[in-house]
Structures are given as C-alpha cells and as structure tokens.
Amino acid sequence: ATLDLDLLNYFVESDKSFIMEVCTRTEADKKGGHLAVRTSDGQLLLRESAQCAGEDEKAFQDTDKHKYFNTNNLWIRLDVLKEV
C-alpha cells in the first residue's frame, strides 16, 4: 500500500476527526460486510455478515442496495481521540 497524498490533503482540509476508506462492492465482495444506512436515524453503519439473520442473507448480499465496503483503512486525528 502507498500513501495517497490527495486523500491525506482531503482529510487535513476537511477538519474531520475520522474517515474510513471504502470501495465499491462487486459480486466477489457480496459475502463480506458493507456500509448501510440505519432507517431509524439515517446514520451510516458498518454491517458484517455475522450480524445478518439467515432469512435476510439475500438482501444483505445485494450489491446494488449496499454498494460500498470498508477497506479497513481508517484515518483518525489522534488529538481528537485523545480528548475522548
């Protein structure tokens, strides 16, 4: 892996305390976790296959509905984390 300076610059300029790198899911990624929008409040959340009931598996694996997965690359401002 290499450092993407454009992403680093975005992170610094955005003044966000945390960002997660994601990629578009393909059929090869359908069994893994994905990002979803919680219906109760519209917040993003990360869902893993272990959280999915068997009867919901087809919907869980729908790459048109759940388009992105977490790459496990996280950007965290340590100064903000220290305050928490």
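Is Glu27 buried, partly exposed or exposed? Glu27 is exposed, since its relative accessible area is 52% (under 20% is buried, over 50% exposed, and partly exposed lies in between, using a 1.4 Å probe and protein chains only). What you have here is a predicted model, where local features need pLDDT of at least 70, side-chain atom pairs count only at pLDDT 80 or more, and totals for chains, interfaces and linings use all residues. Residues are numbered from 1 along each chain as its sequence is written, and side-chain values use heavy atoms, with hydrogens and water left out.

**The overall picture**

- The protein chain has three helices and four strands; these are DSSP runs numbered from the N terminus, with helices (H or I) of at least four residues and strands (E) of at least two.
- Read from the N terminus, the elements go α-β-β-β-α-β-α.
- The radius of gyration of the protein chain is 15 Å, while a compact globule of 84 residues would come in near 12 Å (the radius is taken over C-alpha atoms, and the globule rule is 2.2 Å times the number of residues to the power 0.38).
- Along the principal axes, the C-alpha atoms fill a box of roughly 45 × 30 × 20 Å.
- The chain exposes about 6600 Å², and carbon and sulfur atoms supply 52% of that; accessible areas come from the Shrake-Rupley method with a 1.4 Å probe, and for residues only the protein chains shown count as cover.
- Take the contacts in the chain with a separation of 6 or more: 65% of them involve residues 24 or more positions apart (a contact means heavy atoms within 4.5 Å).

**Salt bridges**

- There are four salt bridges in the structure, each being a side-chain nitrogen of Lys or Arg within 4 Å of a carboxyl oxygen of Asp or Glu.
- One of them pairs Arg77 with Asp15, with the closest N and O atoms 2.9 Å apart. This pair ties together distant parts of the chain, 62 residues apart: Arg77 sits in the loop between E4 and H3, and Asp15 in the loop between helix H1 (5–14) and strand E1 (18–24).
- Arg77 also meets Asp79 in a salt bridge, at 2.7 Å from N to O. Put together, Asp15, Arg77 and Asp79 form a network of salt bridges.
- How open are these three? Arg77 is partly exposed because its relative accessible area is 24%, and Asp79 is partly exposed because its value is 42%. Asp15 is exposed, with 57%.
- Glu27, from the opening question, has a salt bridge too: its partner is Lys30, and the closest N and O atoms are 3.6 Å apart. Lys30 counts as partly exposed because its relative accessibility is 27%.

- Phe18, Leu74, Ile76, Leu78, Leu81 and Val84 make a nonpolar surface patch of about 630 Å². Patch residues have over 30% relative accessible area and no salt bridge; like charges are joined within 9 Å, and nonpolar side chains (Val, Leu, Ile, Met, Phe, Trp, Tyr) within 5 Å.
- Strand E4 (68–76) and helix H3 (78–83) each supply at least two of the patch residues.
- Ile76, one of the patch residues, is found in strand E4. Ile76 counts as partly exposed because its relative accessibility is 38%.

**Backbone spots to look at**

- Asn72 isn't a glycine either, yet it has a positive phi of about 70°. Asn72 belongs to strand E4 and is exposed, because its relative accessible area is 61%.
- At the start of H1, a side-chain oxygen of Asp4 reaches to within 2.9 Å of the backbone nitrogen of Asp6.

**Around Gly32**

- Gly32 lies in the loop between E1 and strand E2 (34–37), and it is partly exposed because its relative accessible area is 30%.
- Leaving aside residues up to four places away in sequence, Gly32 touches Arg25 and Phe60.
- Gly32 and Phe60 are 28 residues apart in sequence, and their C-alpha atoms are 9.2 Å apart in space.

Key:
A polar contact is a pair of N or O atoms within 3.5 Å; within protein, one must be able to donate a hydrogen and the other to accept it, and residues adjacent in sequence count only if both atoms are side-chain atoms.
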